[in-house]
Amino acid sequence: MTQRLRSRQQFQAVMAGAPVAKTPHFALHRAALDVPVEGRPLFPVADAWLGVLLPKRWARRAVTRNAIRRQIYEVARHRAAPLPQAAWVVRLRSEFSRKQFVSATSDALKRAVRQELEQLLARVPVPQPAAPVEARDVV
């Protein structure tokens, strides 16, 4: 199960780094979970944390932002491989053409968003398991 980012501090911690993956409309940011704030952990549960950042600049209508937000959470939830344990933010970085997608809740827009999100999340760097240490390798 994926936790949701809630506080401004959580979003700021994740957005502090450069994006780890990009598509034409989205950027994916990542941060480690061991970020302390005032002596307390910022992410108290060791799990994947997901946040969504949809600026009004790129999606003027609230119905469009809500439709995109729902698609992001659904794509992340139904992925074959769950997101690695880290804090993630999906950020909208350019608008979907209102000429091409006239309706904010059209199936065409939802399909386009879902397809691009699947491409974005497919680019998530997967941590490689540590190689087993054999007894002869230890000095």
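User: A salt bridge is a side-chain nitrogen of Lys or Arg within 4 Å of a carboxyl oxygen of Asp or Glu. By this rule, what does the count of salt bridges come to?

Analyst: Some ground rules: this is a predicted model, where local features need pLDDT of at least 70, side-chain atom pairs count only at pLDDT 80 or more, and totals for chains, interfaces and linings use all residues. Residues are numbered from 1 along each chain as its sequence is written, and side-chain values use heavy atoms, with hydrogens and water left out. Side chains of opposite charge can pair when their charged atoms come close. Here the count comes to 1 salt bridge.

User: OK, so which residue does glutamate 74 form a salt bridge with?

Analyst: Look in helix 2, residues 62-77; helices (H or I, at least four residues) and strands (E, at least two) are DSSP runs, numbered from the N terminus. Both partners lie in that helix, 3 residues apart, about one turn. The closest N and O atoms are 3.1 Å apart, and the partner of glutamate 74 is arginine 77.

User: Is arginine 77 buried or exposed?

Analyst: Buried means under 20% relative accessible area, exposed over 50%, and partly exposed in between (1.4 Å probe, protein chains only). Glutamate 74 counts as partly exposed because its relative accessibility is 27%. Arginine 77 has a relative accessible area of 56%, so this residue is exposed.

User: What's the order of the elements from the N terminus on?

Analyst: The protein chain has 3 helices and 7 strands. From the N terminus on, they run β-α-β-β-β-β-β-α-β-α.

User: Which residues of helix 1 are buried?

Analyst: Helix 1 spans residues 8-15, and its buried residues are Gln10, Phe11 and Val14. They sit on the same side of helix 1, because they cover an arc of only 95° around the axis (taken from the directions from the helix axis to the C-beta atoms). Their cover includes strand 3, strand 6 and strand 7. So by name, the buried ones are Gln10, Phe11 and Val14.

User: How far apart in space are leucine 5 and valine 89?

Analyst: Leucine 5 is in the loop between strand 1 (3-4) and helix 1, and counts as buried at 5% relative accessibility. Beyond four places in sequence, leucine 5 is in contact (heavy atoms within 4.5 Å) with residues including Phe11, Trp49, Trp88 and Val89. Leucine 5 and valine 89 are 84 residues apart in sequence, yet C-alpha to C-alpha they are 8.4 Å apart.

User: What angle lies between the planes of phenylalanine 26 and phenylalanine 96?

Analyst: Rings of Phe, Tyr and Trp (its six-membered ring) pair if their centres lie within 6.5 Å; planes under 30 degrees apart count as stacked, over 60 as edge-to-face and the rest as tilted. The count comes to 3 aromatic pairs. In this one, the centres are 6.0 Å apart and the pair is tilted, with an angle between the planes of 55°.

User: Where in the chain is phenylalanine 96?

Analyst: The pair links distant parts of the chain, 70 residues apart, with phenylalanine 26 in strand 3 (residues 26-31). Phenylalanine 26 is buried, as its relative accessible area is 0%, and phenylalanine 96 counts as buried at 9%. Phenylalanine 96 lies in the loop between strand 7 (87-92) and helix 3 (107-122).

User: In the largest nonpolar core, which residues touch the most other members?

Analyst: A nonpolar core is a set of buried Ala, Val, Leu, Ile, Met, Phe, Trp, Tyr and Cys residues joined through side-chain atoms within 4.5 Å. There are 27 residues in the largest one, and those touching the most other members are Phe26, Ile72 and Phe96.

User: And which element gives the largest share of this core?

Analyst: Strand 3, strand 6 (49-53), helix 2, strand 7 and helix 3 each give two or more residues to the core with Phe26, Ile72 and Phe96. The largest share is 6 residues, and it comes from helix 3.

User: How far from isoleucine 68 is leucine 109 in space?

Analyst: Leucine 109 is found in helix 3, and 4% relative accessibility makes it buried. Beyond four places in sequence, leucine 109 touches Thr64, Phe96, Phe101, Ser103 and Ala104. Leucine 109 and isoleucine 68 are 41 residues apart in sequence, and their C-alpha to C-alpha distance is 8.7 Å.
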